[in-house]
Amino acid sequence: MTALDDILTGYEALRPAQEAFYQDLHAHPELSHQEHDTARRVAGHLQGDGFAVTTGIGGTGVVGVLANGSGPAVLLRAELDALPLREATGAPFASTVTTTDASGMEVGVDHACGHDLHMAAMTGMAALLAGHRDRWHGTLITLFQPAEETGEGAQDMVDDGLFKKIPVPDVALAQHLLPGIAGTVRTRSGPFMSAADSLEVTVYGRGGHGSTPQSTVDPVVLAAMIIIRLQTIVSREVAPGDIAVVTVGSCHAGTRSNVIPDHAVLELNLRSYSAATRQRMLEAVQRIVRAECQASGSPKDPEFKTTLTFPVTSNDPAVTDRVAQAFAAHFGDNADEIPRQTVSEDFSKIPDAAGVPYTYWGLGYTDRDTYLAAEKAGHLEDLTSNHSPKFLPPMQPCLRTGTEALLAAALAWLAP
Ligand SMILES: [Zn+2]
Ligand SMILES: [Zn+2]
């Protein structure tokens with residue numbers, strides 16, 4: 001019997017407690033940076049299984065380390081935070097939690113991205129490996145990061161001296177519920193999820209009466225010229241075939257028709273799949289905004305503020321191959337390749353900070369019949385997706401699949 005099959009004989013005994021933990025996490029979500037109870041509960045599970053646990057890394061981050069003889073060190077990541085949404089799934093364990101967000105607004109809180117399931121799969125995997133130490137050798141590192149939804153938690157942990165507090169791994173792994181059929185695991189080599197940058201750009205004019213434009217510098221016209229010119233970044237500066245997106249998602253200036261305001265604020269969102277393209281787009285934005293300000297006679301330099309930044313997630317080919325082979329051996333037809341995703345993740349900041357290769361794979365979450373019917377009708381985009389208040393993956397097979405995927409991937413190094 002393979003180490004994986006042997007270890008999985010313990011799964012049925014563990015399952016009721018794992019499902020209860022998942023439902024409990026789901027019912028008690030916490031927003032980014034506020035994941036105190038969640039972190040405490042996760043740490044309790046790891047301590048109970050004999051892990052050396054460090055808490056409070058980069059805020060609420062938790063890492064459990066289980067050293068089990070000589071061999072590679074494998075780091076696996078899950079996330080602690082939930083989203084500011086009011087859950088509308090109707091599940092018996094649905095969240096009714098409300099809280100005050102950073103801006104003082106009353107918001108619902110909902111695990112609408114599946115981080116609850118990622119955490120329960122991880123503690124389940126940790127318990128199974130802790131209970132079968134005779135079947136593997138090396139160091140198992142389970143990492144629970146805060147604030148993944150805001151793209152800050154991974155960097156916060158690195159900045160807090162993560163790799164002075166825990167061993168540097170040989171490889172880093174992560175999984176996420178992503179569009180696809182529940183029970184499937186899907187890998188992809190190379191660039192997988194886009195880099196994303198959100199910028200707030202403020203440009204200045206000189207305000208005045210709407211009837212005397214000659215004595216003003218109109219920031220509304222200036223903003224309009226910038227928005228149009230920004231469209232040429234993708235069409236004229238990025239190579240055809242390279243994927244890039246520039247969106248101006250918000251533009252605010254002025255209060256009424258007969259007043260020329262003195263400034264305008266633009267909010268930009270940029271996506272790309274390579275560091276070179278990302279750099280080129282960021283430089284082009286600066287260049288275009290500054291040049292348009294000059295063309296308008298703007299009296300003050302524009303201001304640029306980065307409000308969100310996610311790196312590109314680019315899966316190491318050798319690591320991905322090894323995981324894909326382990327998945328094919330265990331999951332058979334339920335292991336497959338996944339298309340590129342335009343969503344973004346901050347996970348890679350952790351392995352990148354340590355110079356360690358990584359891979360990140362997708363767990364499907366839509367019931368098979370529902371998915372196939374939507375695919376046949378050409379309406380896959382109508383299926384409920386991550387970040388919807390109706391997002392609720394079928395607990396099984398997703399929880400079991402997530403647990404098995406973590407085990408299969410970790411054992412590809414710990415019990416090859
Ligand atoms: Zn997520
Ligand atoms: Zn999310």
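Me: Which residues of α3 are called buried?
Reply: T38, A39, R41, V42, A43 and L46 are buried in α3. Buried means under 20% relative accessible area, exposed means over 50%, and partly exposed lies in between, with a 1.4 Å probe and protein chains only. This is a predicted model, in which local features need pLDDT of at least 70 and side-chain atom pairs count only at pLDDT 80 or more, while totals for chains, interfaces and linings use all residues. Residues are numbered from 1 along each chain as its sequence is written, chains are lettered from A and ligands numbered from 1 in the order in which they are written, and side-chain values use heavy atoms, leaving out hydrogens and water.

Me: What covers the buried residues of α3?
Reply: The cover includes α2 (11-27), β1 (52-57), β2 (61-68), α4 and β6. Helices (H or I, at least four residues) and strands (E, at least two) are DSSP runs, numbered from the N terminus.

Me: What span does α3 reach, and what span is expected?
Reply: With 13 residues (36-48), α3 reaches 18 Å from its first C-alpha to its last, close to the 18 Å expected. The expected span is 1.5 Å times one less than the number of residues. Helix α12 (residues 395-414) has 20 residues and reaches 28 Å, close to its expected 28 Å.

Me: Why is α12 called mostly covered?
Reply: Of its 20 residues, 17 are buried. P397 lies in α12, and a cis peptide bond with omega of about 15° joins P397 to Q396.

Me: Why does H115 count as buried?
Reply: H115 has 0% relative accessibility, so it counts as buried. E148 counts as buried too, because its value is 4%.

Me: How do you know that D116 has no salt bridge?
Reply: A salt bridge needs a side-chain nitrogen of Lys or Arg within 4 Å of a carboxyl oxygen of Asp or Glu. For buried D116, the nearest side chain of opposite charge is R41, 10 Å away. Lys and Arg count as positive and Asp and Glu as negative; His and the chain ends are not counted.

Me: What joins the side chains of D116 and H26?
Reply: A polar contact of 2.6 Å does. The term covers a pair of N or O atoms within 3.5 Å; within protein, one must be able to donate a hydrogen and the other to accept it, and residues adjacent in sequence count only if both atoms are side-chain atoms.

Key. Contact means heavy atoms within 4.5 Å.
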